[in-house]
Amino acid sequence: MKLTNNEIITLIDYYENLVSQLESRMNDLEKINPILFDYDLYETQRTRYKHDIDGGKARIKELHNELNNL
């Protein structure tokens with residue numbers, strides 16, 4: 001299914017907001033002293049946020065490429 005220009009722009013905005021929220025959560029997580037809570041949980045959450053941020057950025061790049069091809 002081919003997306004319209006407006007749909008792509010809306011999706012880019014959505015993913016940019018999502019990445020921004022995830023980066024904010026990751027910054028908040030890194031401010032917490034890992035000694036105060038389970039280090040394995042800390043690393044798991046940190047890895048999960050990093051993976052989700054990278055996935056969101058990749059999707060934004062794909063959408064920009066699709067937008068350029070219209």
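1. Glutamate 43 is partly exposed, its relative accessible area being 25%. In this note, buried denotes a relative accessible area under 20%, exposed one over 50%, and partly exposed anything in between, using a 1.4 Å probe and protein chains only. The model is predicted: local features require pLDDT of at least 70 and side-chain atom pairs pLDDT 80 or more, while totals for chains, interfaces and linings use all residues. Residues are numbered from 1 along each chain as its sequence is written, and side-chain values rest on heavy atoms, without hydrogens and water.

2. Glutamate 43 forms a salt bridge with arginine 46 through their side chains (4.0 Å, N to O); the term requires a side-chain nitrogen of Lys or Arg within 4 Å of a carboxyl oxygen of Asp or Glu. The two residues are about one helical turn apart because they lie three residues from each other in helix H2. Arginine 46 is likewise partly exposed, at 31% relative accessible area. Glu30 joins Glu43 and Arg46 in a network of salt bridges.

3. The structure holds five salt bridges. Among them is the pair of aspartate 54 and lysine 50 (3.4 Å, N to O), which are four residues apart in helix H2. Another joins glutamate 62 to arginine 59 (3.2 Å, N to O), three residues apart in H2. Glutamate 62 is partly exposed at 45% relative accessibility, as is arginine 59 at 26%.

4. As to the overall fold, the protein has two helices and zero strands. These elements are DSSP runs, with at least four residues of H or I for a helix and at least two of E for a strand, numbered from the N terminus. Helix H1 covers residues 5-31, and H2 covers 39-68. The C-alpha trace spans about 50 × 15 × 15 Å along its principal axes.

5. The buried residues of H1 pack against H2. They are Ile8, Ile12, Val19, Leu22, Met26 and Leu29. The largest nonpolar core has 12 residues, including Leu3, Tyr42, Tyr49 and Ile53; such a core is a set of buried Ala, Val, Leu, Ile, Met, Phe, Trp, Tyr and Cys residues joined through side-chain atoms within 4.5 Å. H1 gives six residues, the largest share of this core.

6. Beyond its neighbours within four places in sequence, leucine 3 is in contact (heavy atoms within 4.5 Å) with Ile8, Leu11, Glu66 and Leu70. In the protein, 74% of the contacts with a separation of 6 or more join residues 24 or more positions apart.

How values were computed:
Expected span 1.5 Å × (residues − 1).
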